[in-house]
Amino acid sequence: MPRKQTKHAVEHRITLGDFERSALTKALTLQAENQRLDAATATLNAVGVAIGGGGAILAGLALMYWKAPDIIGGITDAGKTILDDLTDAVLPKSPVHMRREAQALATRRGEINAKINRYCSSSSPDYDEQKCTLAHAEKDQYFADLEDFQRRVREAQITEDSFYWRFIFGGLGDIDPYHSDDSAGSNMPWWLYFLNFDM
């Protein structure tokens, strides 16, 4: 619907004096400063969140570095216990005990190697000649124990590349007497013998 034309217009004028103008200028300046401060505060908040998030990640990594070996070790030990109990129920006792002894030898080998790397390397901050000598003595005893263990496995008449041989030595590296000989044994993992019904 069309609008009627106005007959008259009233104009209101506000006149500001010097005092009012300076107050209005201060208010506009303050508003501009507040906008800048809000932008700076938002930026600092974002930086704070980033630093806090980075700190949380760093704390998480530190906790993982500190506690993960215990947690992973606990899970691994629980898994080994279950597998050992299952294996005890299925297999004769002799190979299971030999497997446990082979695992203990492999663990001992790793510990001795860590000691030698820590105490016998001249670039190590923990270099210590006496501890290095003790670590090498432990290494010599380890090799004597390893030879004794391998002799006992042979005396048990467990033939190379049989299921029991693979069960005892599977995945343990140089504990296996034929580890360094690529021509000896098969490449089939010991657990696949469970699936081989032609044995």
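User: Which backbone nitrogen lies 3.2 Å from a polar atom of the side chain of Ser124?
Analyst: That's the backbone nitrogen of Asp126. Keep in mind that this is a predicted model.

User: OK, and where is the place of Ser124?
Analyst: Ser124 sits in the loop between helix H2 (93–119) and helix H3 (129–155).

User: Is Ser124 buried or exposed there?
Analyst: Ser124 is buried, because its relative accessible area is 14% and the cut-off for buried is under 20%.

User: Which residues does Ser124 touch, leaving out those up to four places away in sequence?
Analyst: Asn117 and Arg118.

User: Switching topic: which residues form a nonpolar patch on the surface?
Analyst: Ile14, Leu16, Leu24 and Leu28 do, with about 410 Å² of accessible area together.

User: Take Leu24, where is its place?
Analyst: Leu24 is in helix H1, which covers residues 18–90. Leu24 counts as partly exposed because its relative accessible area is 47%, and that class lies between 20% and 50%.

User: Now the whole thing. How many helices and strands are there in the protein?
Analyst: Four helices and zero strands. From the N terminus on, the order reads α-α-α-α.

User: And how much of the protein counts as buried?
Analyst: 20% of the 199 residues. The protein exposes about 15400 Å², and carbon and sulfur atoms supply 60% of that.

User: Last one: among contacts between residues at least 6 apart in sequence, what share joins residues at least 24 apart?
Analyst: In this protein, 58% of those contacts do.

Technical notes. Residues numbered from 1 in each chain as written. Predicted model: local features only at pLDDT ≥ 70, side-chain atom pairs only at ≥ 80, totals over all residues. Heavy atoms only, no water. Helix = DSSP H or I, 4+ residues; strand = E, 2+ residues; numbered from the N terminus. Buried < 20%, exposed > 50% of the residue type's maximum accessible area, 1.4 Å probe, protein only. Polar contact = N/O pair within 3.5 Å; in protein donor to acceptor, adjacent residues only side chain to side chain. Contact = heavy atoms within 4.5 Å. Patch = residues over 30% accessible without salt bridge, like charges linked within 9 Å, V, L, I, M, F, W, Y side chains within 5 Å. Areas by Shrake-Rupley, 256 points an atom, 1.4 Å probe, with all protein chains shown as cover. Salt bridge = Lys/Arg side-chain N within 4 Å of Asp/Glu carboxyl O.
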